[in-house]
Amino acid sequence: MTRRADFSRRTFIKNSSILAGVAALSGVLPNRTFGAAEKELVILAWAGHAAPDIVADFEREHGVKVRAKYYTGGDNMLGLISQSPPGTFDLILSDAEYVQQLNAADYIERLDLADYPFDDFYPEFQHFPGHWQGDELYSVMVRFGFLGIAFNTQLLPESKAKSYQVFWDDSLKGKVGHFDWHLPNLGQISLLNGNRLPYDIDAAHWKRLQDKTMSLRGQVAGFFDYGGTFSSLKNGQIHAMCGIGDWITGVLQRAGAPVKTVIPEEGGLQWTESYCIAKKAHSPELAKKFIQYITSPEGQVKSAKMEAYPALIPNKRGWELLNKTDLAEARRQGMVLGQRNVMDDIREGRIQYRALPVQQSLEDWNDFWSQYKGA
């Protein structure tokens, strides 16, 4: 019997407190300048979202400063929010699967559908799962990408990267790496185990997932953070990486590294990043304007080509502008119009949305990941 995920405020705080130590290591939170409301925008986001290539035009147009606190992984985001006084952040860039928890904990505002260009979005993204409560909107999707098998093309033939089973190949003993976050890694191995909905599995399938994952431990050289993932793939320490996609390998490709991500026969996962306006934000109007800016065609092209890590974009007019201004990047990412592209992978069912576990708790998955790392 399927048990619905618990998105209560009590569960949010419980899960967040587990991660408090992780969040505490992330550095000092942004301090607001006295009287700075509507003169600065403070966001909580993955690295790169407040870099000049993304925000400089917005800052210049509105005469404001965008400042950010960066996190890695949704669990870290939860810990940071739970420890921050109300009003610390104006905007929260959330992985889509965590939006429901933010909403249930009353940390984000309801949004006005009419303020955002959903008519320009592909239909698949106009009513994205978890962003709505009934007809009420709480988050706006801004970018997404696929997770598959990331590998060094000089050290692993692409012909071998057709299944996640490659991670168990004898030639990769001590050469497999993990991006250190349980959701993408366990989701991929769940797909390998034949679970069409990789995060909605019963107790028996959860046990099989744990057993299959544990059987990989002897192949694994390490568990890497954001920076370590880049360097270990680039320098050849790791030949194949589980839990990532073009958001890592695309950056390395731009620098000339022989790396690539492919979607294997079991399919891939989709990560999705979305903006929410924080409750008690000091600059809510500015936050709304920033979402409008980044979901405009011009903003979407910036997001697709973001220096920190590239992404696919949901806005069709953004695709059109990218095809016009940088066809090479549109081709590299599979966003060329008028031919097979990434939307076909979604429509053919080859991609599943990354999600929170349904029949287990987030704590269950996090605890197992800790046990696996320590094995």
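Me: A charge sits over a ring if NZ of Lys or CZ of Arg is within 6 Å of the ring centre and within 35 degrees of the ring normal. Over which ring does the charged end of lysine 373 sit?

Reply: The model is predicted, so local features need pLDDT of at least 70 and side-chain atom pairs count only at pLDDT 80 or more, while totals for chains, interfaces and linings use all residues. Residues are numbered from 1 along each chain as its sequence is written, and side-chain values use heavy atoms, with hydrogens and water left out. The charged end of arginine 143 lies 4.7 Å from the centre of the ring of tyrosine 309 and sits over that ring. For lysine 373 the distance to the ring centre is 6.0 Å, and the ring is that of phenylalanine 223.

Me: How many helices and strands are there in the protein?

Reply: Both kinds of element are DSSP runs numbered from the N terminus: helices are H or I with at least four residues, strands E with at least two. The protein holds 15 helices and 12 strands.

Me: What percentage of the residues in the protein is buried?

Reply: With a 1.4 Å probe and protein chains only, buried means under 20% relative accessible area, exposed over 50%, and partly exposed in between. Of the 375 residues, the buried share is 57%.

Me: How many aromatic pairs are there?

Reply: Rings of Phe, Tyr and Trp (its six-membered ring) pair if their centres lie within 6.5 Å; planes under 30 degrees apart count as stacked, over 60 as edge-to-face and the rest as tilted. Under this rule the number of aromatic pairs is 29.

Me: Why is the pair of tyrosine 164 and phenylalanine 167 called stacked?

Reply: Tyrosine 164 and phenylalanine 167 are both buried. Their ring centres are 6.5 Å apart, and the pair is stacked because the angle between the planes is 20 degrees.

Me: In which helix do phenylalanine 368 and tyrosine 372 lie?

Reply: Phenylalanine 368 and tyrosine 372 are a stacked pair, with 6.3 Å from centre to centre and 20 degrees between the planes. Both residues are buried. They are 4 residues apart, about one turn, and the helix that holds them, residues 362-374, is helix 15.

Me: At roughly what angle do the axes of helix 6 and helix 15 cross?

Reply: Axes are lines fitted to C-alpha atoms, for helices over the stretch in contact, and angles run from 0 to 180 degrees between N-to-C directions. Angles under 35 degrees count as roughly parallel, over 145 as roughly antiparallel, 65 to 115 as roughly perpendicular and the rest as oblique. Helix 6 and helix 15 are therefore roughly perpendicular. Their axes come within 10 Å, and helix 6 (residues 182-192) crosses helix 15 at roughly 85 degrees.

Me: How many charged residues has the contact of helix 6 with helix 15?

Reply: Contact means heavy atoms within 4.5 Å. His182, Leu183, Asn185, Leu186 and Gly187 of helix 6 meet Leu362, Trp365, Asn366, Phe368 and Trp369 of helix 15. Ala, Val, Leu, Ile, Met, Phe, Trp, Tyr, Cys and Pro count as nonpolar, Asp, Glu, Lys and Arg as charged, and the others, Gly among them, as polar. The contact has 6 nonpolar and 4 polar residues, and the number of charged residues is none.

Me: How many of the residues of helix 6 are buried?

Reply: Just after helix 6, glycine 194 takes a positive phi of about 90 degrees. Helix 6 is largely enclosed by the rest of the structure, because its buried residues number 11 of the 11.

Me: Which elements are included in what covers the buried residues of helix 11?

Reply: In helix 11 (residues 297-304), 6 of the 8 residues are buried, so this helix is largely enclosed by the rest of the structure. The buried residues are Pro297, Gly299, Gln300, Val301, Ser303 and Ala304. The cover includes helix 3 (52-62), strand 6 (140-152), helix 10 (284-294), helix 12 (316-325) and helix 13 (327-333).

Me: With which residues is histidine 62 in contact, leaving aside its neighbours within four places in sequence?

Reply: Histidine 62 lies in helix 3 and counts as partly exposed, at 28% relative accessibility. Its C-alpha atom is separated by 9.8 Å from that of phenylalanine 290, 228 residues apart along the chain. Apart from neighbours within four places in sequence, histidine 62 is in contact with Leu286 and Lys289.

Me: What is the relative accessible area of lysine 280?

Reply: Lysine 280 lies in the loop between strand 11 (268-277) and helix 10. Its phi is positive, near 60 degrees, in a residue other than glycine. Lysine 280 is exposed, and its relative accessible area is 62%.
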